[in-house]
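Here is a short report on one protein chain.

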Amino acid sequence: MKQGLLSVWRALTWPWRRFPKTVGGLTGLVALLCLLVVGANAYILLTTDGEATSEVADVPRAEVAIVPGALVNANGKMSGMLADRVKEASLLWHTGKVSKILVSGDHGQWTYDEPDTMRKALVRDGVNPEDIFEDHAGFDTWATMVRARSIFNVRDAVVVTQGFHMPRALFLAEDAGIHVTGLLADQHKWGSQGERSEVREVFSRVKAIWDTTVETPAMAGPRIPIQTADGRESWGPAPPPGTPRAGSPDSSTAAAHLDATAARFRRHHA
């Protein structure tokens, strides 16, 4: 037994004995990377703790609700996570917690349009079109927050997103110069999808530290201040004729989801 354990130990430590400098260097590099990941996550989580709520009634009034983009399916329907974000933003507007809504997401090609899809759902839910602003270059959360401040002159906002994403979104918004609180959009259990998102978020927080440290540039553009502009000025041109509508067709499923939620809200507050 003892001889067997000794053989295993020798096999495991052979690289150290044969290539001590190489293995030692690699071990140190791995340890450093682990330290960076843990440190970045701890910093973001600790600095944003307690700045979000799941109750609309507890949200302090702000200029605007910022809704970061998420997946729009190939058939044009919003993913569950995105639909929940839009629903909560609509409730903020209907209760007077915000007077404007900024929907920000990926519109890098005509056939995929996150902000336009969100805007159509909000209009169907009764939000005034002029109060909805679209950011078509919110390709990641950092770009969304930088452009919210530099293009739309947002100074005070409520970020609407899921719990796994909220700490990073708040951290990036604050670093971009926005006074911000958060409203959690976690009406569903996300199962394996949520678990994958949690794992991905661990590394996204490291990127957030990098973006704020080096001030990664976001796409520039003409200023459209939410305080004085009509939101429709930000909607952009219609897609060329014949473009597949996979990015932003009207989604009856999303509309029904929002309508049912709004009806429940009105009954509870009647």
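The model is predicted. Of the protein's 270 residues, 46% count as buried. Among contacts with a separation of 6 or more, 78% link residues 24 or more positions apart.

The protein has eight helices and six strands. Along the sequence they follow the order α-α-β-β-α-β-α-β-α-β-α-β-α-α.

**Strand β2 and its partners**

Strand β2 spans residues 62-68, and seven of its seven residues are buried, so the rest of the structure largely encloses it. β2 pairs with β3 in the parallel sense. From β2 the chain crosses through helix α3 (residues 80-94) to β3, and this β-α-β crossover is right-handed. Pro68 stands opposite Ser104 in β3. β2 also runs parallel to β5. There, Val64 has Ala157 as its bridge partner.

| Strand paired with β2 | Residues | Bridges |
|---|---|---|
| β3 | residues 98-104 | six bridges |
| β5 | residues 156-161 | three bridges |

**Helix α6**

How many residues of helix α6 are buried? Eight of the 10 in this helix (residues 166-175) are, which leaves α6 mostly covered. The buried residues are Met166, Pro167, Arg168, Ala169, Leu170, Phe171, Leu172 and Ala173. Just after α6, Gly177 adopts a positive phi of about 100°.

Terms used: Residues are numbered from 1 along each chain as its sequence is written. This is a predicted model: local features need pLDDT of at least 70, side-chain atom pairs count only at pLDDT 80 or more; totals for chains, interfaces and linings use all residues. Side-chain values use heavy atoms; hydrogens and water are left out. Helices (H or I, at least four residues) and strands (E, at least two) are DSSP runs, numbered from the N terminus. Buried means under 20% relative accessible area, exposed over 50%, partly exposed in between (1.4 Å probe, protein chains only). Contact means heavy atoms within 4.5 Å. Two strands pair if DSSP finds at least two bridges between them. A crossover is right-handed if, with the strands pointing away from the viewer, the path from the first strand over the helix to the second runs clockwise.
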